[in-house]
Amino acid sequence: MSTLENRPNTALVVIDVQQGVVSDAHQRDGVVANIATLVDRARAEAVPVVWVQHSDDHLAMGSDPWQYVPELTRRDEEALVHKSYNDSFEATELEEVLAAAGVGRLVVTGAETDACVRATIHGALTRGYDVTLVGDAHTTADRSPWGAPPPEQVIAHTNLYWQFQSAPGRTTAVVPTGEVAFTV
């Protein structure tokens, strides 16, 4: 298990599934449905659900695009982490939230694959967490007009390379929604 001492628990992390972030995302409805399934399962298994919400000059806090999609509803007792950098740990209280819950393993979902999801999974691994990326529960918009690969290739590449990441005393994995295990 992770290199973090006394952190036997797992948390589900839902990154930036906000109206303005996923409005044009690849397979938006299916990804949101998979995340909703995982949120329901985590709640049923008493696994902490941590919601991450981005704001910046293009995504103003409190605006409609800043709001989480209506299909996903955070409960009052579930942690909400506000961020303004891609890595959900950077200049936020995420580490404190996870430490208080004894979390050393993250199950990560959300948007966008090639920005905040990627930065967060790398940031988590570097900080000592075990990280499972849910391969069919993250998405991104099409940036191919600016030279990026099509979104399905961005997602596939992230899923491919993440399963081969490693660090001493830590694990990484990529699994589909139906194979997520919150206990190890």
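**Figure 1. Aromatic pairs in the predicted model.** A search of the whole structure finds three aromatic pairs. Rings of Phe, Tyr and Trp (its six-membered ring) pair if their centres lie within 6.5 Å; planes under 30 degrees apart count as stacked, over 60 as edge-to-face and the rest as tilted. The model is predicted, so local features need pLDDT of at least 70 and side-chain atom pairs count only at pLDDT 80 or more, while totals for chains, interfaces and linings use all residues. Residues are numbered from 1 along each chain as its sequence is written, and side-chain values use heavy atoms, without hydrogens and water.

**Figure 2. Phe89 and Tyr129, a tilted pair.** The ring centres lie 5.5 Å apart, with 35° between the planes. This pair links distant parts of the chain, 40 residues apart. Phe89 sits in the loop between β3 (79-83) and α3 (94-100). Tyr129 sits in the loop between α4 and β5 (130-139). Helices (H or I, at least four residues) and strands (E, at least two) are DSSP runs, numbered from the N terminus. Phe89 counts as buried because its relative accessibility is 6%; buried means under 20% relative accessible area, exposed over 50%, partly exposed in between (1.4 Å probe, protein chains only). Tyr129 is buried too, at 0%.

**Figure 3. Tyr161 and Trp162, an edge-to-face pair.** Here the distance is 6.4 Å centre to centre. The planes make an angle of 80°. Both Tyr161 and Trp162 are buried.
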